[in-house]
Amino acid sequence: MLGQYAFARELFDEIADSAFGNRNTTGLMNMDIRQTDTGYEMFIDLPGVQKEDLSIELKDGYLYISATLKNDEKSDGTSYRYLRRERFVGTVRRAFYVGDNVTQSDIHARFQDGTLHLTIDRKQQQTLIENKQLIAIED
């Protein structure tokens with residue numbers, strides 16, 4: 001239960017940062033997250049990103065998603081000057097707390113038609129059973 005609360009709290013913090021922060025990456029990495037019976041599903045829009053320019057890393061309970069949008073410079077030697085440039089070029093990154101008990105094998109990724117689909121298996125919280133090892137008290 002605590003893992004779900006932490007995931008939701010981190011998600012809210014990340015959304016609030018996106019909404020009120022001053023970022024030039026508006027419109028990039030828009031996503032939907034839904035909870036299922038077995039875990040979570042994330043759908044992240046990454047228009048213009050190639051599969052080889054994506055990186056997904058699990059570290060210290062956080063899932064880091066990075067995408068690099070490359071410049072469309074032509075290598076044929078053609079010279080040009082932009083009159084207006086609104087599309088982002090560079091690297092965007094988002095982080096989500098998924099819990100310390102989530103392992104790499106619990107996360108599955110698929111990239112198709114500019115959308116990254118992640119599934120994160122939810123682990124059942126294990127109840128700790130106290131194993132009493134009593135020591136005899138001598139008279």
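**Sheet order, salt bridges and aromatic contacts**

User: Is aspartate 53 buried or exposed?
Analyst: In this predicted model, aspartate 53 has a relative accessible area of 13%. Buried means under 20%. Aspartate 53 is therefore buried.

User: Which residue meets the side chain of aspartate 53 in a salt bridge?
Analyst: Side chains of opposite charge can pair when their charged atoms come close. For aspartate 53, the N to O distance in the salt bridge is 3.3 Å. The pair links distant parts of the chain, 17 residues apart: aspartate 53 lies in the loop between strand S2 (39-45) and strand S3 (54-59), and its partner in the loop between S4 and S5. That partner, exposed at a relative accessible area of 56%, is lysine 70.

User: How many salt bridges does the structure hold, and how far apart are the closest N and O atoms of arginine 34 and glutamate 41?
Analyst: The structure holds two salt bridges. Arginine 34 is partly exposed, at 45% relative accessible area, whereas glutamate 41 is buried at 15%. These side chains form a salt bridge whose closest N and O atoms lie apart by 2.5 Å.

User: In what order do the four strands of the open sheet lie, and which are its edge strands?
Analyst: Strands of a sheet pair through backbone hydrogen bonds, either parallel or antiparallel. In this open sheet the pairing is antiparallel, and the order is S1-S2-S7-S6. Neighbouring strands are turned by 15° against each other on average, direction ignored. Each edge strand pairs on one side only; these are S1 (31-35) and S6 (107-112).

User: Which residue is the bridge partner of arginine 110 in S7?
Analyst: Strand S7 spans residues 115-121 and runs antiparallel to S6, joined by six bridges. Within S7, arginine 110 has as its bridge partner histidine 117.

User: What is the geometry of the aromatic pair of tyrosine 62 and tyrosine 97, and why does this pair tie together parts apart in sequence?
Analyst: Tyrosine 62 lies in strand S4 (residues 62-69) and tyrosine 97 in strand S5 (residues 90-97), so their pair ties together parts 35 residues apart. Tyrosine 62 is partly exposed at 26% relative accessibility, while tyrosine 97 is buried at 17%. The ring centres are 5.1 Å apart and the planes form an angle of 70°. Planes over 60 degrees apart count as edge-to-face, so the geometry is edge-to-face.

User: Over the ring of which residue does the charged end of arginine 122 sit?
Analyst: The charged end of arginine 122 is 5.6 Å from the ring centre. The ring belongs to tyrosine 40.

Methods. Residues are numbered from 1 along each chain as its sequence is written. This is a predicted model: local features need pLDDT of at least 70, side-chain atom pairs count only at pLDDT 80 or more; totals for chains, interfaces and linings use all residues. Side-chain values use heavy atoms; hydrogens and water are left out. Two strands pair if DSSP finds at least two bridges between them. Helices (H or I, at least four residues) and strands (E, at least two) are DSSP runs, numbered from the N terminus. Axes are lines fitted to C-alpha atoms, for helices over the stretch in contact, and angles run from 0 to 180 degrees between N-to-C directions. Rings of Phe, Tyr and Trp (its six-membered ring) pair if their centres lie within 6.5 Å; planes under 30 degrees apart count as stacked, over 60 as edge-to-face and the rest as tilted. Buried means under 20% relative accessible area, exposed over 50%, partly exposed in between (1.4 Å probe, protein chains only). A charge sits over a ring if NZ of Lys or CZ of Arg is within 6 Å of the ring centre and within 35 degrees of the ring normal. A salt bridge is a side-chain nitrogen of Lys or Arg within 4 Å of a carboxyl oxygen of Asp or Glu.
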